[in-house]
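We will look at the whole chain, and then zoom in on one residue.

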Amino acid sequence: MEVTHKGQVVYSGFVSKGIILLRIELLEPKSLEFKAGQYLAVLLPNLDKASYYSIASSPNKKGEVELLVKEDKLGAGAAYLYSLKAGDVVQLHMPMGEAYLREDSKRNLIFVAGASGASYIRSMIHYLDETDQLANREVHYFLGCREESELLESDFMHALAEKYSGFHYHPALSHQEDWEGHTGLITEVVDRLTPNDLSEWQAYSAGSPAMVKAVADELIANKNLKPSAFFSDLYTPEV
């Protein structure tokens, strides 16, 4: 795979249980044009392989990219990225992906992510906030995790809900009993809290392939979402 960019790690640290934020400053070339929701490939040294990660940062940050990396003791990509420290140089191929945010639409939005898919949604929400595109529309963000320590940027999301009357943050946990918020499968929470008619909405989802397909099936079959308005790099509904 061709190297399109070289970058240098400037920060690596845990942001939730089992997930690090990796900030990479671009060296060559020094900037990147991409769309919120796209992804990149990290070329793995000496393995002739690449690992793929959603770009977690906003497209407004043209001189750097941020990645959220979930701990995976069996994955070569995660092992490599977890080993990196400030000053290390990485080789990247980017951008890629067609499930990016459609800015030409001002429709209301549904975002659904599992813990491992939060980076895909993070890029879009940060960008929408920075460009004042969260005002005057309804946005529901569902984040499903096993336990509270896995939730990502909850304080920021709650602040957005106070800033924008139409922004709704719905964290849901599946394996924690002392939790007063939403519980159960994320598809069940989505079913309970979304409007019944999503025919004029758009939806974006990331996480495990099974979860993404279940979300698509739920929204299309039970909420009248148009298949062409569901976006994910993991599953494309039949139109």
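How far apart are the mean positions of the positive and negative charges of the protein chain? They are 3 Å apart, with 22 positive and 34 negative charges counted. Keep in mind that what you see is a predicted model.

Now for the overall build. The protein chain has five helices and 12 strands. Its radius of gyration is 18 Å, close to the 18 Å that the globule rule gives for 239 residues, so the chain is as compact as a globular protein of that length. If you follow the C-alpha trace along its principal axes, it spans about 50 × 40 × 35 Å.

Of the 239 residues in the protein chain, 52% are buried. The chain exposes about 11400 Å², and carbon and sulfur atoms supply 48% of that area.

Finally, let us visit Thr194. You will find Thr194 in the loop between helix H4 (186-193) and strand S11 (202-206). Is Thr194 buried or exposed? Thr194 counts as buried because its relative accessibility is 6%, and buried means under 20%. A polar atom of the Thr194 side chain lies 2.7 Å from the backbone oxygen of Val190. Leaving aside neighbours within four places in sequence, Thr194 is in contact with Ile110, Phe142 and Lys223.

Conventions:
Residues are numbered from 1 along each chain as its sequence is written. This is a predicted model: local features need pLDDT of at least 70, side-chain atom pairs count only at pLDDT 80 or more; totals for chains, interfaces and linings use all residues. Side-chain values use heavy atoms; hydrogens and water are left out. Helices (H or I, at least four residues) and strands (E, at least two) are DSSP runs, numbered from the N terminus. Buried means under 20% relative accessible area, exposed over 50%, partly exposed in between (1.4 Å probe, protein chains only). A polar contact is a pair of N or O atoms within 3.5 Å; within protein, one must be able to donate a hydrogen and the other to accept it, and residues adjacent in sequence count only if both atoms are side-chain atoms. Contact means heavy atoms within 4.5 Å. The radius of gyration is taken over C-alpha atoms; the globule rule is 2.2 Å times the number of residues to the power 0.38. Accessible areas come from the Shrake-Rupley method with a 1.4 Å probe; for residues, only the protein chains shown count as cover. Lys and Arg count as positive and Asp and Glu as negative; His and the chain ends are not counted. The place of a charge is taken as NZ of Lys, CZ of Arg, CG of Asp or CD of Glu.
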